[in-house]
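Please read them with the model open.

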Amino acid sequence: DASLEAVEAILNILIEISRLDTGRLEPDITSFPLADIFERLKVEFAPLAREKAELELRVVATRAWVCTDRRLLRRVLQNLLANAIKYTPRGKVLLGVRRHGSELTIEICDTGPGIPKSKRAVIFKEFERLEETAASVRGLGLGLSIVERIGKVLGHQVDLRSVPSKGSIFSVRLPRAAPGVVESAPVSVPAGRIAGLTVLCIDNERSVLDGMRVMLSGWGCKVMTAQNAAEAVDRLQPGHAPPDIILADYHLDSGTGLDAVAAVRAAKRSHTPVIVISADHTPEVQREIRKHGHAFLRKPLKAAALRALMHQLTAQRPVAAE
Ligand SMILES: Nc1ncnc2c1ncn2[C@@H]1O[C@H](COP(=O)(O)OP(=O)(O)OP(=O)(O)O)[C@@H](O)[C@H]1O
Ligand SMILES: [Mg+2]
């Protein structure tokens, strides 16, 4: 039954989105030839492209190797190719790759209607579709929101360039791997390994704290949040053990995350491990973080990297039972 199938498809996508958001979808990072995915996509999308008499689909051969999650990358490219073919009435859709030092950019180019500058942010939101295309082409408006979420989980930058009425280029930037070795990178730490940890998050932005709470509790952690040093000390109940780990933003509204961490450590007379998370990677900030012996992660935060580092910094200590 077609309508039931459609409902099931929507549910599956929404489940996938929530798994991505809560970090329950575990990336499986390996090195593999990009051609593996390109070849499959070529076969998979040939019929859709053939339905359009005036459209040519070209997949450029590549010998590059990449380091990423095979299934999730394929999902990203499927969504981008499906869009390019769906929304381009005639001309060409091209899937290709460019090198940038240690990185690669996969590009999906089309000669479709293009996307006005004012709409480029909105189309990545769920259920958003452009009026120009919504009437003639079926869709839920979920494809690009999945692309964006997977990009965040994997730490791959997704970009869009477009000239209205000429076409669009969606691109995905990811690490290149040395050809020849198929290996499982040990970076993937299952959420279960950090379940039960008590985590203190310090960030001046409420929305960031809310996001961290959702993600970390999804991994089974107990979460406390604070917007500044005073609040952080306030969260610590007398007689209770200190948190197992502190995640601190560097720039707070008053003072820095390092001040807040120092206040917490002093109050608890403990040496709780610390990860400083910041968009600021100027040498001065880096030096100061290192001077205090803290670990550092860049914003935007990669869930897999955070989990791996949290595990590494807390692995020696006994993890409290649920
Ligand atoms: N290559 C493109 N050219 C022109 N417009 C595009 C292109 N890709 C996406 N869009 C616009 O962005 C909107 C959102 O895309 P998205 O993939 O999120 O949803 P969808 O294709 O409408 O539905 P779904 O992917 O869930 O089937 C599309 O409806 C379309 O208006
Ligand atoms: Mg789509």
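1. Is Cys201 buried or exposed? At 1% relative accessibility, Cys201 counts as buried, because the limit for that class is under 20%. The model is a predicted one, and the values in the points below are computed from it.

2. Cys221 is buried as well, with a relative accessibility of 7%. The cysteine sulfur closest to that of Cys201 belongs to Cys221, at 8.8 Å, which is too far for a bond. A disulfide would need the two sulfur atoms within 2.5 Å. The count of disulfides comes to 0.

3. Helix α6 covers residues 206–218, 13 residues in total. From first C-alpha to last, α6 reaches 18 Å, close to the 18 Å expected at 1.5 Å a residue. Leu209, Met212, Met215 and Leu216 are the buried residues to look at in α6. They lie on the same side of the helix, because the arc they cover around the axis is only 130 degrees. After α6 comes Gly220, with a positive phi near 90 degrees.

4. Salt bridges number 10 in this model. One of them joins the side chains of Arg74 and Glu44, at 3.5 Å from N to O. This pair links distant parts of the chain: Arg74 belongs to helix α3 (residues 70–87) and Glu44 to helix α2 (residues 34–50), 30 residues apart. Glu44 is partly exposed, at 35% relative accessibility.

5. Glu107 is buried, with a relative accessible area of 8%. Arg98 counts as partly exposed at 48%, and Arg161 is partly exposed at 46%.

6. The last point concerns the surface. Val7, Leu11, Leu14, Ile15 and Phe127 make a nonpolar patch of about 450 Å². Val7 is part of helix α1 (residues 2–21) and, with 44% relative accessibility, counts as partly exposed.

How values were computed. Residues are numbered from 1 along each chain as its sequence is written. Chains are lettered from A and ligands numbered from 1 in the order in which they are written. This is a predicted model: local features need pLDDT of at least 70, side-chain atom pairs count only at pLDDT 80 or more; totals for chains, interfaces and linings use all residues. Side-chain values use heavy atoms; hydrogens and water are left out. Helices (H or I, at least four residues) and strands (E, at least two) are DSSP runs, numbered from the N terminus. The expected span of a helix is 1.5 Å times one less than its number of residues. Buried means under 20% relative accessible area, exposed over 50%, partly exposed in between (1.4 Å probe, protein chains only). The arc is that of the directions from the helix axis to the C-beta atoms. Patches are made of residues with over 30% relative accessible area and no salt bridge: like charges are joined within 9 Å, nonpolar side chains (Val, Leu, Ile, Met, Phe, Trp, Tyr) within 5 Å. Accessible areas come from the Shrake-Rupley method with a 1.4 Å probe; for residues, only the protein chains shown count as cover. A salt bridge is a side-chain nitrogen of Lys or Arg within 4 Å of a carboxyl oxygen of Asp or Glu.
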